[in-house]
Each structure stands twice: as structure tokens, then as C-alpha cells.
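Hello,

Here is the structure for you to look over. My notes on one helix pair and on the salt bridges follow.

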Amino acid sequence: MDSLQHGPEDLGPPVSLHVTDPPVPMSRKAAGAYYTPDPVAACLVRWAVRERDDRLLDPSCGDGGFLALHPRSFGIERDGTSARLARERAPCGEIHVGDFFAWAERTADLFDCAAGNPPFIRYQAFSGETRERALRLCRKLGATFSGLTSSWAPFLVATAGLLRPGGRMAFVVPAEIGHAPYAAPLLDFVVGRFAMVHLVAIREKLFPELSEDCWLLFADGYGGSTPEIRLSAVDRLDADGGPPSAFARVAVAEWRSEWRRRLRPFLMPESARDAYRRVRDADGTRRLGELASVGIGYVSGANDFFHLRPSEARRLGIPDTFLHPTVRNGRALSGNVLGPDDVARWLAADEPVLLLRLPKKAALPASVTAYLDGEAGRRARTAYKCRVRSPWHSVPDVRVPDYFLSYMSGERPALVRNDAGCTATNSVHCVRLLHPASRRRLATWGTPFVDLSCEIEGHPLGGGLLKLEPREAAQVALPPAGLPRPADGDALREGLAVMRRWRHRAG
């Protein structure tokens with residue numbers, strides 16, 4: 001676009017930096033600030049800016065990488081040091097230092113377009129007055145987020161609310177937009193407010209130093225609506241163009257009803273989705289949650305204190321009746337069955353796998369009382385989980401499940417039958433059958449169809465890992481005998497390979 005070639009002299013004297021709140025020095029990690037590579041910023045601005053006089057908004061402008069590409073630009077930046085860098089880099093830009101949501105609530109300014117890379121701040125750090133203000137503003141605009149939302153989604157909604165009719169925006173977004181429940185209100189909002197919505201999934205990392213995968217969101221025609229989401233899946237970004245001309249058309253109705261508001265299944269070929277859906281929707285196919293309950297294991301609050309080595313238990317004189325073998329993490333799960341021989345190996349190796357399991361109301365032997373009142377016990381009882389429960393030394397929710405399920409995995413989640421009668425920490429999931437006959441259906445675990453179902457219902461964690469939250473594991477589909485049919489085998493295996501490749505896992 002010609003507008004990207006004009007220099008600062010075209011607009012007269014530089015606009016001064018405005019401070020709406022005191023400058024806030026923040027670390028890059030705390031601010032979610034990882035500056036966008038120049039080719040990516042140029043791609044987004046080149047698409048968003050259509051006319052030389054367009055006013056461009058970057059709601060979190062960082063060091064000014066986007067603002068420097070268009071003379072009529074306006075940025076908000078919370079970090080004072082970054083704002084000064086932006087001022088140097090984009091001398092014609094107007095930059096305000098302060099909280100974007102506070103500014104957006106009171107400004108009367110409108111913009112022709114917006115582009116940027118909003119901060120990817122997780123909900124744990126996206127808190128306090130800023131979070132409340134952001135969610136209030138989003139509700140006013142028609143988007144309701146849960147308390148688990150990350151900051152980038154409200155940033156986009158609030159930005160859209162500052163566009164003129166017909167306006168457009170182009171943003172870097174985390175790949176979580178393809179699967180995270182908190183991202184669904186954002187997508188519902190944009191398809192209801194823009195005439196065109198195009199997501200570009202990029203397999204090559206835009207930020208090589210981060211485990212986070214990123215996609216690009218292009219939305220045009222503010223004030224309209226669309227019944228479809230365009231989705232392009234590419235190995236790497238073509239920074240010379242905007243959204244690719246090749247894309248799949250994802251019907252919003254299908255996204256909502258068939259795929260539980262997840263876009264990741266549309267990375268697969270249509271043949272794989274169709275084959276998967278035929279088996280998933282067949283009579284007799286059951287979700288894991290229909291056959292069993294899936295939940296996390298216990299939280300001790302002080303693992304080093306409550307998990308003893310056999311040699312420690314003998315030295316302390318702890319009776320066997322107060323010790324229970326436990327699965328500390330997913331690395332302990334190998335094979336399809338955890339048996340007594342596995343526990344015997346742990347004990348022979350003197351591993352810390354004996355949970356100190358004490359009742360809430362019972363007289364305790366002197367050896368146990370001495371351990372509780374010793375130096376290690378005095379430290380443990382000050383830990384948060386310990387000090388808020390009564391009595392502090394009784395670990396709650398200790399159960400013996402029928403199966404263990406790993407919740408972070410490489411190739412596939414492990415479902416391991418618990419023949420050893422172990423319990424488990426919250427590092428693995430505990431699966432309890434609702435009926436003994438369900439064991440036969442769980443025997444389909446590890447087949448290509450069930451592996452694909454885990455990929456669809458779970459989500460990438462980074463580093464090639466797949467994560468299955470309990471609610472996601474409950475949605476994994478288990479087919480009856482005779483399904484899938486051989487004719488669908490190739491399509492399902494292809495779909496599985498594609499999904500693993502997109503989470504950077506070979507095979």
C-alpha cells in the first residue's frame with residue numbers, strides 16, 4: 001500500500017507522548033510482551049490500512065513496531081519504557097501511556113483499522129481492577145467472558161468497539177483461539193460484528209523463543225456479520241501478502257454444534273473429519289464420561305512431607321496401616337496395567353511413593369505424632385493447602401481409581417488399569433468406572449480412532465505435548481465393536497498424523 005511508504009514529514013511536527021496513567025515498568029513476561037517480527041507486523045498493517053488517511057489503532061503498541069509502518073497511527077502502552085521506545089520508532093504516532101481498557105471506556109475516538117499483537121497474559125495474572133474493567137467493557141459491547149479468560153481476547157473485543165462502521169482489524173493471536181473455551185465468546189463476537197472473519201493457522205512458530213504457537217486473525221466490515229469463518233492452514237507465513245487466497249469455509253453453525261466451538265478439527269482434511277464424525281455419531285459409540293468419572297488425584301499440599309521412602313518410613317517407625325502406595329506422576333505409568341510387581345520395584349528402589357494417609361479422627365501412634373510435630377511437620381503445616389484444612393495432616397480426596405490417565409503426553413495419553421490398588425496425586429487423572437462392564441469398551445484405548453479423538457478433544461501444550469483436562473477426557477469417543485470400518489482407516493490415520501504434526505509431534 002502507498003500509505004506504508006510515506007515518511008514522518010508528510011504529517012507535520014511529531015505528536016507528543018501523552019501520559020494518562022503513571023508509567024509502569026514491567027518485565028516482558030509479566031506484560032505478555034514479545035515483540036512482533038517486522039515482516040509479520042508489515043503483513044498485518046499492509047492488509048489493514050487501505051487509504052493514506054486511515055487512522056490505525058494498536059491497543060498494546062509495545063516498542064512501536066506496528067505504529068512505525070503508518071503515519072496516522074495511535075497506540076496505547078502500559079509500560080513507560082516501551083512507550084518511549086515506540087515514540088522514538090514512530091515519531092509521527094500518537095502514544096498514550098496507561099491502561100488500554102481505562103482509556104477505551106472513556107474515549108470518543110474512532111478508528112478506520114487496528115492491528116497489533118495483544119499481550120498474552122494468562123487469567124492468573126490478568127486480575128484486579130484492569131480485569132474487572134476489561135470484562136465490564138466487553139459485556140457492554142456484547143461479549144461475556146468467563147473468569148478464566150486470558151487478556152488478549154478482551155483486548156480484541158474492546159478494540160473492535162473503537163472501529164468505525166466498515167472498519168477492519170488484523171492481529172496476532174495465540175493458537176488457543178482454535179480450542180480454548182474462553183476463546184469461543186471472542187469468535188462468537190467477531191462473526192456477529194464483522195462481514196468477513198479469516199483465521200490463518202501457521203505451523204512454523206512466529207516466536208521461536210516461546211512454546212506458544214500463534215495464528216493470525218483478519219476481520220473486515222465492522223458492523224456486519226458472517227455465517228462462516230475462513231480458515232487457512234499454512235506451514236509458514238507469506239509476509240508479502242495478507243490472508244491466503246486458499247481457505248476452508250467453516251460454517252459457524254457447524255463450529256458451534258458439531259465441534260464444540262473448536263476450530264482445530266478443521267486443520268484436518270475433510271475426509272478425515274467425515275470419517276471421524278461417522279464413527280463418533282454412530283449408535284453405540286460412547287463418550288468416556290458416559291462410562292466413567294474422570295477427575296484429578298489428591299493434593300497433599302506438601303509433597304516432600306507426605307510422601308515417604310520405605311527407608312524413611314522404617315526409620316520413623318510409621319506403621320504400614322498409615323502408608324499407601326501412590327502414583328506421583330505420569331512417568332510412573334508404562335504399559336497398559338499397573339500391577340503389584342511395579343510397586344515392588346518402586347519400593348526396592350527406595351522411591352518416595354508411600355503416601356502418609358492419616359484419618360481425620362483417630363488416635364495416632366506416638367511415632368506418627370512425633371513426625372507431625374517434628375521440624376518437617378512444623379514447616380509442612382504452614383503450607384497453604386495444609387493450613388486451610390482441618391486437621392492439617394489428613395490429605396483429602398485420597399481414592400483408589402480403576403484406571404490412571406496421563407494428562408500430559410507425547411505420542412498418546414496413557415490409560416493404565418490399576419491392578420496394584422494405588423492412589424495418585426493430581427499429576428495424573430483418576431478414572432472410576434460407573435459399571436464394571438465398561439472395561440470392555442475401554443479396551444479400544446490406543447486405537448487410531450481413539451487416538452484421534454484424544455487429539456480433537458485435548459489441546460496442544462507446547463513442546464509437542466498433548467494435554468487432556470478432565471472435562472476434555474470425558475468427551476473422548478469410544479466406538480463399539482465393528483467400528484470404524486476398514487474403509488475409514490486411511491482417512492482417520494491421516495487425520496491423526498495431521499493433528500500430531502500441528503502440535504509439533506512426529507508420527
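Helix H9 (residues 270-280) and helix H20 (residues 489-502) have axes that come within 8 Å and cross at roughly 115°. H9 is therefore roughly perpendicular to H20 (65 to 115 degrees counts as such). Axes are lines fitted to C-alpha atoms over the stretch in contact, with angles from 0 to 180 degrees between N-to-C directions. Helices are DSSP runs of H or I with at least four residues, strands are E runs of at least two, and both are numbered from the N terminus.

In H9, Ser271, Ala272, Ala275 and Tyr276 meet Ala491, Leu492, Glu494 and Gly495 of H20 (contact: heavy atoms within 4.5 Å).

This is a predicted model: local features need pLDDT of at least 70, side-chain atom pairs need 80 or more, and totals for chains, interfaces and linings use all residues. Residues are numbered from 1 along each chain as its sequence is written, and side-chain values use heavy atoms, without hydrogens and water.

The whole structure has 42 salt bridges (a side-chain nitrogen of Lys or Arg within 4 Å of a carboxyl oxygen of Asp or Glu). Asp488 pairs with Arg278, closest N and O atoms 2.6 Å apart. The two are 210 residues apart: Asp488 sits in the loop between strand S24 (477-478) and H20, Arg278 in H9. Asp488 is buried at 10% relative accessible area, and Arg278 is partly exposed at 47% (buried is under 20%, exposed over 50%, partly exposed in between; 1.4 Å probe, protein chains only).

A salt-bridge network links Glu254, Glu258, Asp274, Arg277, Arg280 and Asp281.

Best wishes

Methods. Angles under 35 degrees count as roughly parallel, over 145 as roughly antiparallel, 65 to 115 as roughly perpendicular and the rest as oblique.
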